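Good morning. I will go through one structure today, so please have the sequence and the model in view.

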Amino acid sequence: MLSSLIATVDSPTDKELITQLYNTYKQFMYNISMSLLGKREDAEDAVQDSFVRIIDNLDKINNPYSRKTKSYITVITKNVCLDMIRRNHKDIPFEDSYTNFENSNATYEQIIKNLKQLPPRLKNIAFLFFVQRLSPKEIGEMLDINTNTVYAYVSRIRKILLDTKDENI
């Protein structure tokens with residue numbers, strides 16, 4: 001896969017950057033894809049598609065090892081997976097045991113509906129916290145925001161997701 005990705009660019013600098021990104025993030029991207037898609041073949045396709053999107057926006061990456069780059073790659077990979085899920089008309093997986101939502105009166109359908117209505121920033125934090133299971137400290141470092149702000153966002157996300165009224169958000 002790496003050789004086909006490198007063949008899409010001309011600059012030696014870009015080729016080296018793609019190699020660094022591939023070697024650094026391939027497994028990380030695969031893990032995200034597997035957690036969302038559940039099938040090895042789909043996850044591999046998602047990683048390939050994600051790298052194509054990254055290459056199309058290579059100018060946005062200055063340091064392949066920075067937190068911003070990791071966050072950018074996380075968002076691209078997640079969005080590619082969500083696009084694949086939408087194309088296949090599947091529901092977004094939701095880990096009930098980890099989120100402690102069992103005691104809520106909200107149905108799975110209501111939680112998914114509320115999740116889809118979250119603003120992009122909260123959707124990304126929800127993904128990092130509930131799906132990737134990153135700590136608020138890790139999320140804060142990745143997104144360059146205060147850890148206490150992440151706690152506040154997670155609290156707000158939980159309230160929104162568990163809202164059983166139809167007019168939420």
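**Rings, a helix and confidence**

Phe129 and Phe130 are both buried, where buried means under 20% relative accessible area, exposed over 50% and partly exposed in between, with a 1.4 Å probe and protein chains only. Before going on, note that this is a predicted model, in which local features need pLDDT of at least 70, side-chain atom pairs count only at pLDDT 80 or more, and totals for chains, interfaces and linings use all residues. Residues are numbered from 1 along each chain as its sequence is written, and side-chain values use heavy atoms, with hydrogens and water left out.

Now the aromatic rings. How many aromatic pairs does a search of the whole structure find? The search finds three. Rings of Phe, Tyr and Trp (its six-membered ring) pair if their centres lie within 6.5 Å; planes under 30 degrees apart count as stacked, over 60 as edge-to-face and the rest as tilted. One of the pairs is Tyr25 with Phe28: the ring centres are 6.4 Å apart and the planes stand at 65 degrees, so this pair is edge-to-face. Both residues belong to helix α2 (residues 12-37), and being three residues apart they are separated by about one helical turn. Helices here are DSSP runs (H or I, at least four residues), and strands are too (E, at least two), numbered from the N terminus. Tyr25 is buried at 5% relative accessible area, and Phe28, at 19%, also counts as buried. For Phe129 and Phe130, the centres are 4.9 Å apart and the planes are at 90 degrees, so that pair is edge-to-face.

Next, helix α9, residues 147-161. Which residues of α9 are buried? They are Val150, Val154, Ile157, Ile160 and Leu161. These cover an arc of only 125 degrees around the axis, which puts them on the same side of α9; the arc is that of the directions from the helix axis to the C-beta atoms. On the other side, Asn148 and Lys159 are exposed.

Leu118 lies in the loop between α6 (108-116) and α7 (120-131), and counts as buried at 3% relative accessibility. Leu118 and Ile160 are 42 residues apart in sequence, and their C-alpha atoms are 8.0 Å apart in space.

Last, confidence. The chain has a mean pLDDT of 82, with 85% of its residues at 70 or more; pLDDT is the predictor's confidence in each residue, from 0 to 100.
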